[in-house]
Amino acid sequence: LRTVDKIAAPISPSADTARALDAADPLRAYRERFVLPEGIIYLDGNSLGALPRVVAERIDACVRQAWGRDLITSWNKARWVDLPQRIGARIERLVGGEPRSIVVGDSTSINLFKVLAAALRLRPDRKIIVSERQNFPTDLYIAEGLAALIGKGHRLRLADTSDELASVIDTDTAVVMLTHVNYRTGAMHDMAELTTLCHEAGALAIWDLAHTAGAVPVELSATGADFAVGCGYKYLNGGPGAPAFVYVSPKWQAKVTQPLSGWFGHVRPFAFEPGFVPAQGIDRFLCGTPPVLSMLALEAALEIWEDIDLAAVREKSKRLTDFFIAAVEHLCTGHDLALASPRDPEARGSQVSFSLPEIGYPLMQALIDRGVIGDFRAPDIVRFGFAPLYVGYMDAWQAAEILAEILNTREWDKPEFKRRAAVT
Ligand SMILES: *Cc1c(COP(=O)(O)O)cnc(C)c1O
């Protein structure tokens, strides 16, 4: 980290600067731990993390031995039964959770349902769930569905802008449910400040860390967050549809229950009792049988983080995104492309978004066709994720060069780039 600090913030973006920054990158060696196809610049690790090399052998070993030969005995023998807690412990370090505050399983959407229900049970006299209109839609949809299910008049109150949040949190607010890093713009909330604001109003704070875990170190414990959820397949590289995580502050673990009271959340799942008795602590936030193959992939991916200095990850993420912004603005002059992410790296997660009215979608398809993989988010955002463990400064420079070429030649203006696929 110290070596990088000697180089001034990238002022004159060029291939030479990129080379120098890559050479001084303390995380450079981690790139080798991932499978990165030749000819591809992968800037979508915020949507689906790249494949860690170790995953294939781990899954293969499971299929051949633990599942293939040892069959059901592997629940004990290979400790499959402990996977939710074991993997949770690895995530605790990345997000500043206390020991035994996180378990892994289900999806982010489902975990959000559990913690939101749990939080609402802790504030029975209040009916308002505060969030943002710009939040990732599944979070809002889950809140809507849960409110309808409870049927006691709970409703969502949405702030139109982040600045408006302070004024919409009041003494009717049961829960404030926010995503720490905005999926579209990469704008980042001050978790400590908003959690305090929320507690001052007597409400509980739920943080969605989908675009945070593995990119921006946070301190759930120190900030006093009540609940959190997050994604396994983005910066944690757990693979498509990887299980998600759920955090419950130790101050609530013995006091709350959640409605998806499946047998893995029971105090004695193998006693097969007809009545539900919640497990001690965080385990009561589990529901059913863990998806072992997906869990093993995520566990292997998380081992990479074991001795990584999280401050170095954040430092690289800020420099890399700064460098990309500078490169794009230097190379793409004269085009209608506006930075949609905060310019201040302290207020930004590990992605850079530009708004391109009209041409965003075909432009991204043209980029992908040239091997630069980012993604498009309706209505006008092209989004580039910078996973600090495997993306380098030369990737950023080359991506900016290709982007400039496509804009200059109007390569995006081809019919094949305008056909919308199901997943953008
Ligand atoms: C990616 C993402 C999710 C994904 O939820 P799933 O249940 O895994 O589909 C949820 N919330 C936010 C903020 C996200 O960015």
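Where do R319 and E315 lie, and how many residues apart are they? I looked this pair up and found that both lie in helix 13 (residues 310–331), four residues apart, about one turn of the helix; helices here are DSSP runs of H or I with at least four residues, numbered from the N terminus.

Before going on I noted the basis of the entries. This is a predicted model, in which local features need pLDDT of at least 70, side-chain atom pairs count only at pLDDT 80 or more, and totals for chains, interfaces and linings use all residues. Residues are numbered from 1 along each chain as its sequence is written, and side-chain values use heavy atoms, with hydrogens and water left out.

Entry: I found the side chains of R319 and E315 meeting in a salt bridge at 3.5 Å, N to O, the term standing for a side-chain nitrogen of Lys or Arg within 4 Å of a carboxyl oxygen of Asp or Glu. R319 is buried at 11% relative accessible area, whereas E315 is partly exposed at 22%; buried means under 20%, exposed over 50%, and partly exposed in between, with a 1.4 Å probe and protein chains only. I also noted that E315, K318, R319 and E346 are linked in a network of salt bridges.

**Entry: other salt bridges.** A search of the whole structure gave me 26 salt bridges. One of them joins the side chains of R86 and E299 at 2.7 Å, N to O. R86 lies in helix 5 (residues 83–95) and E299 in helix 12 (residues 292–303), so this pair ties together parts that are 213 residues apart in sequence. I recorded R86 as partly exposed, at 30% relative accessibility, and E299 as buried, at 7%. I then looked up D413 and R410, whose side chains meet in a salt bridge at 3.4 Å, N to O; D413 is partly exposed at 33%, and R410 is partly exposed at 48%.

**Entry: helix 2 against helix 15.** Helix 2 (residues 15–23) and helix 15 (residues 393–409) pack at an angle of about 160 degrees, with their axes 7 Å apart; axes are lines fitted to C-alpha atoms over the stretch in contact, and angles run from 0 to 180 degrees between N-to-C directions. That makes helix 2 roughly antiparallel to helix 15, a label used for angles over 145 degrees. I listed A15, A18, R19, L21 and D22 of helix 2 and Y393, M394 and W397 of helix 15 as making the contact, which means heavy atoms within 4.5 Å.

Terms used: Helices (H or I, at least four residues) and strands (E, at least two) are DSSP runs, numbered from the N terminus. Angles under 35 degrees count as roughly parallel, over 145 as roughly antiparallel, 65 to 115 as roughly perpendicular and the rest as oblique.
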